[in-house]
Protein chains: 2
Amino acid sequence: MTHSSPPPPVCVLGLGLIGGSLMRALHDRGRRVFGYNRSEETVSAANGDGYDASADLVATLTRAAQESALIVLATPAPTIDAILADVVRYAPQCPLTDVVSVKQQVAATVHAHGLSRNFVGGHPMAGSAESGWQATDAALFTGAVWVVATDDGADPQVWRSVAQLALDTGARVIPAASDEHDRAVASISHLPHLTASVTAVVGAGEGELALRLAAGSFRDGTRVAGTAPHLQQAMLEANSTALLAALSETIDRLTFARDQLRDHGTVETLVADGFRARKHYEKIHAAGDDPAITVELGTDGWEAAFRNAARQGAVWAG
Amino acid sequence: MTHSSPPPPVCVLGLGLIGGSLMRALHDRGRRVFGYNRSEETVSAANGDGYDASADLVATLTRAAQESALIVLATPAPTIDAILADVVRYAPQCPLTDVVSVKQQVAATVHAHGLSRNFVGGHPMAGSAESGWQATDAALFTGAVWVVATDDGADPQVWRSVAQLALDTGARVIPAASDEHDRAVASISHLPHLTASVTAVVGAGEGELALRLAAGSFRDGTRVAGTAPHLQQAMLEANSTALLAALSETIDRLTFARDQLRDHGTVETLVADGFRARKHYEKIHAAGDDPAITVELGTDGWEAAFRNAARQGAVWAG
């Protein structure tokens, strides 16, 4: 199961913050990479910066098929279905991954196009409130977590290609089932967008003077509310079931806190729980090097073994 | 109304993050400053760093009276009442201010001790999730907003001393009425602690894997939940009326978002409102130098004129 041949070229579809940063990171590591974006302006900017980009999707996919490239879907969730129709037509044999922030919906769409056999999803846990080619950064993934979908029946060779792609950007590879991933990001990535938004709205509603007084807690707590709304909507709405559960729990906990403050003059419970949760998060992220997964990729039951190892703190190190 | 004599020495009661940083900042600017902390350990640390600190409150207040020092109350809100009893006894003539994050409650406590004539409250909008002397930083207030309470009937001379103290730390002085301040900080400072806490709790409740996947949105959105719980409680519970209103609005908006997501599959309203609010905040803070208040301090109606100027973006520049 080891790679003796050079890694395949990479074809990135969508050159926004994630796709464009991926192109930069891979290029810097010496991987062959080319890409597509529907906007001529983005393509000109990318080509002007020395990258290999095109606004012609059919030509890009035809080239991917000829070169047996690993195709990366890096456009917003609502566009994936239309892109896959062209993948089926022009590059149906290519290994396929994505960088969309939900995994079950994309997997279902891939399945509907009959491409599941070639597909292993992925999700780099990196970003910024900025978007578009001008925000791209070759170092965006350095040290970041890159989830590689590890569902039963995944093709080990495609899985290896996708995980190697992530490692080549400087990311840490964490295997997870698609549904487990989606529940997790609802709580730790999508919900924080809504709490940031509501914090911003209530603060701004208090008027100009209040916003002038806003300091670090407001600045950091509302940062991601400044992400382009259509990108936030695409991300959050694609994970609506899991997000609904996280949002309902949030409302319940805030309502309990409100009642405790009104009836007993204290915010003790929420503040104490929040402190414990934050310290637990800090402890997990302060830990040193992650242990490597030792189960061999592709052996019987490797998918479940990888997932279990990841839950206990391991990463896939190649 | 101008200062011809050298500014008075400053007596800081409480050498935690804010009081200790104030001592450092003033000392660096050449102001005479001494202080008190009830913990011998903190006093040793401060003296070891070359500052003038004591664990003897009576001796410190006696010295403040002898030197006509400006006394700064920098202990947590629940301790203010007990400290004021000693101020009345040992230094009743000294000008007095505070750095507590709520203004109405402190003003009422000061009033109950008969010290209102000497008192002008203040609130530096600066902090960190760290606390105690080891977290102090002479640059903590540089560029930060320092609200100086500007209620009708404030003594212009005390007001000037307090505002000058703030300027000497490198802060920007914004006059505001105590009630206006308290409503504002409920929304832009206290509420963000509760939204950070609930975000941390819901994320951590999803388990270890979820916390491993947590990236920038979670890190920034939960940062202030890591502040020492007793400090958060003291701050938030002292402003419970205004915080209750902000918290109820937050619950209402999240409930609307939850219903919209459940019934229509979209988070459009909250995301769009949050984006607008965040951009408005960014615009206010990206503006260049603030204009200076031109009304002369102490002239008839200066308090209202100062407040109005501040609402329109002006600062007091000395």
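Is B:Tyr281 buried or exposed, and what is its relative accessible area? In this predicted model, B:Tyr281 has a relative accessible area of 6% and is therefore buried.

## An aromatic pair between the chains

The ring of B:Tyr281 is paired with that of A:Phe218 in an edge-to-face arrangement, with 5.0 Å from centre to centre and 65° between the planes. Because A:Phe218 belongs to helix α9 (residues 216-221) of chain A, while B:Tyr281 belongs to helix α12 (residues 268-286) of chain B, the pair joins two chains. A:Phe218 has a relative accessible area of 0% and is therefore buried.

## Other aromatic pairs and charges over rings

Over all chains, a search of the whole structure finds 14 aromatic pairs. One of these is formed by A:Tyr51 and A:Trp133, which counts as edge-to-face because the planes of the two rings stand at 70°, with the centres 5.6 Å apart. Elsewhere in chain A, one aromatic cluster is made up of A:Trp159, A:Trp302, A:Phe306 and A:Trp316.

Charged side chains also meet aromatic rings in the model. In chain A, the ring of A:Phe34 has the charged end of A:Arg63 over it, at 3.9 Å from the ring centre, and in chain B, B:Arg63 lies over the face of B:Phe34, with 3.9 Å to the centre of the ring.

## The surroundings of A:Thr60

A:Phe34 is also among the residues that A:Thr60 touches, and the others, leaving aside residues up to four places away in sequence, are A:Cys11, A:Leu13, A:Gly35, A:Tyr36 and A:Ser54. A:Thr60 itself is part of helix α3 (residues 57-67) of chain A, and with a relative accessible area of 3% A:Thr60 is buried.

## The interface of chain B and chain A

The size of an interface is often given as the accessible area lost when the parts come together. For chain B and chain A this buried area is about 8200 Å², of which 71% is on carbon and sulfur atoms, and the contact involves 90 residues of chain B and 90 residues of chain A.

Six salt bridges are found across the interface of chain B and chain A, and B:Arg223 and A:Asp220 form a salt bridge in which the closest N and O atoms are 2.6 Å apart. Polar contacts across the interface of chain B and chain A number 28 residue pairs, with both residues at pLDDT 80 or more. On the side of chain B that touches chain A, helix α7 (residues 178-205) of chain B supplies the largest share, with 19 residues.

B:His190 lies in helix α7 of chain B and is buried, with a relative accessible area of 0%. Leaving aside residues up to four places away in sequence, B:His190 touches B:Ser101, B:Val102, B:Val185, B:Met235, B:Leu236, B:Asn239 and B:Leu243.

A:Ala309 is placed in helix α13 (residues 302-311) of chain A, where A:Ala309 touches A:Ile293 and A:Ala314, again not counting residues up to four places away in sequence. The C-alpha atom of A:Ala309 is separated by 9.2 Å from that of A:Ile174, although the two residues are 135 residues apart along the chain.

Note on methods:
Residues are numbered from 1 along each chain as its sequence is written. Chains are lettered from A and ligands numbered from 1 in the order in which they are written. Side-chain values use heavy atoms; hydrogens and water are left out. Rings of Phe, Tyr and Trp (its six-membered ring) pair if their centres lie within 6.5 Å; planes under 30 degrees apart count as stacked, over 60 as edge-to-face and the rest as tilted. Helices (H or I, at least four residues) and strands (E, at least two) are DSSP runs, numbered from the N terminus. Buried means under 20% relative accessible area, exposed over 50%, partly exposed in between (1.4 Å probe, protein chains only). A charge sits over a ring if NZ of Lys or CZ of Arg is within 6 Å of the ring centre and within 35 degrees of the ring normal. Contact means heavy atoms within 4.5 Å. Buried area is the accessible area (1.4 Å probe) that two parts lose on being put together, summed over both. A salt bridge is a side-chain nitrogen of Lys or Arg within 4 Å of a carboxyl oxygen of Asp or Glu. A polar contact is a pair of N or O atoms within 3.5 Å; within protein, one must be able to donate a hydrogen and the other to accept it, and residues adjacent in sequence count only if both atoms are side-chain atoms.
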